[in-house]
Amino acid sequence: MTMVVFISYSHDSEEHKAWVRKLADDLTALGVFEILLDQYMPKGYSFTRFMELGLSKADKVLVIGTPQYKQKAETGKGVAFEESIISAEMMNDIDTTKYYPVLRAGTFDMSFPPILQGRNGFDLTDDCQYDTVIKEIAEALQNEKPLPDVLRSTTLESSERKGTLATVYFSFYHVFETFNYKYSGKRGLQIRVTVTNTSKEHRYFLEPFFKMSRPFEGNADAFSMLTVMDSNNYPIKLEYGQQFTASYRVDSKIAAVFLRLLSEDPSLTIKAVVNTTLGEVIESEAFSLERMKGDLEGLSQI
């Protein structure tokens, strides 16, 4: 049975694209792999559709690491869309062996996003070793060794230790207007989320999102805030005891949404949720929106 293999890489240069094309061609020539590569796409086909379907349908994904790949993945350019899908899948199943890092340039830390840096992969930085490593990749793809049960159990137990890995503090803050250092009145609201690493090991934290106590749109009970007030670059690495704060502006439109939800359910609560790149989930205490009703009503009129 043919194995479907997707190749994720960044368009660093024409030389790099040609090297990736050769890698794909050499694997295709073995006759046991169907390689999904953007350079094989027919003209006119959607790149977004190719990435979405390709990553979901692939049995395995080769991620070609270079410093430019990591940079683009972290700055929202090019491969960032692919990397976001990969990260989401890996957070849902931290034990997955679907993704193989293949180092082409730099080091694993320099060339892969944090969620891939610690994965067992392949080093193709030395062209003299190309033929040998290609055989190793093909062998690994065709004859994957299963993860021992004892490792899977340990990993799952580790990821379920909610509350011991970090603390997440959720709060509303008033924003005041001043003139010549004198208080002039209340101007607005902010949501702030403060995350502190308490795991005694470093962790990489993803951007917080928010969860309601009941669905508010179909089955959806979680959402992200787009009105960001800081310049954090996620994932954020925190050593033991370190923290970061994420701030979001609550404008009149958001206030109106909260008020509508409160009119439907006065007991509605909201909490902040933060994931680590290891798939761990930490939640804040639930916050009653009823406590902020007066402020939200005033803000919705602005």
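Tutor: Start with the exposed side of helix α9. Lys253 and Ser263 are exposed there. This is a predicted model, so read each value as computed from that prediction.

Now turn to the other side of α9. Ile254, Ala255, Phe258, Leu259, Leu261 and Leu262 are buried. Buried here means under 20% relative accessible area, and exposed means over 50%. Why do these buried residues share one side? They cover an arc of only 165° around the axis, which puts them on the same side of α9. An α-helix has 3.6 residues a turn, so residues three or four places apart point the same way.

Next, check the length. Helix α9 covers residues 252-264, which is 13 residues. At 1.5 Å a residue, α9 should span 18 Å. The C-alpha atoms at its ends are 19 Å apart, which agrees.

Then look at how α9 begins. Asp251 caps the N-terminal end. One of its side-chain oxygens lies 3.2 Å from the backbone nitrogen of Lys253. Lys253 is also one of the exposed residues on the other side of α9.

Now step back to the whole chain. The protein chain has 10 helices and 15 strands. It holds 302 residues, and buried residues make up 43% of them. The accessible surface comes to about 16600 Å². Carbon and sulfur atoms account for 50% of that surface. Consider contacts between residues at least 6 apart in sequence: 66% of these join residues at least 24 apart.

Some of the strands form a sheet. It is an open sheet of 5 strands, in the order β2-β1-β3-β4-β5, and the pairing is parallel. Its edge strands are β2 (33-36) and β5 (122-123), and each pairs on one side only. Strand β1 (residues 3-8) runs parallel to β2, and 4 bridges join the two. Phe6 stands opposite Leu36 in β2.

Finish with another helix, α1, which covers residues 14-28. Lys17 lies in α1. Which residues does Lys17 touch, leaving out those up to four places away in sequence? They are Tyr9, His11 and Gln39. Take Gln39: Lys17 and Gln39 are 22 residues apart in sequence. In space, their C-alpha atoms are 8.6 Å apart.

Terms used. Residues numbered from 1 in each chain as written. Predicted model: local features only at pLDDT ≥ 70, side-chain atom pairs only at ≥ 80, totals over all residues. Heavy atoms only, no water. Expected span 1.5 Å × (residues − 1). Buried < 20%, exposed > 50% of the residue type's maximum accessible area, 1.4 Å probe, protein only. Arc of directions from axis to C-beta. Polar contact = N/O pair within 3.5 Å; in protein donor to acceptor, adjacent residues only side chain to side chain. Contact = heavy atoms within 4.5 Å. Areas by Shrake-Rupley, 256 points an atom, 1.4 Å probe, with all protein chains shown as cover. Pairing = 2+ DSSP bridges.
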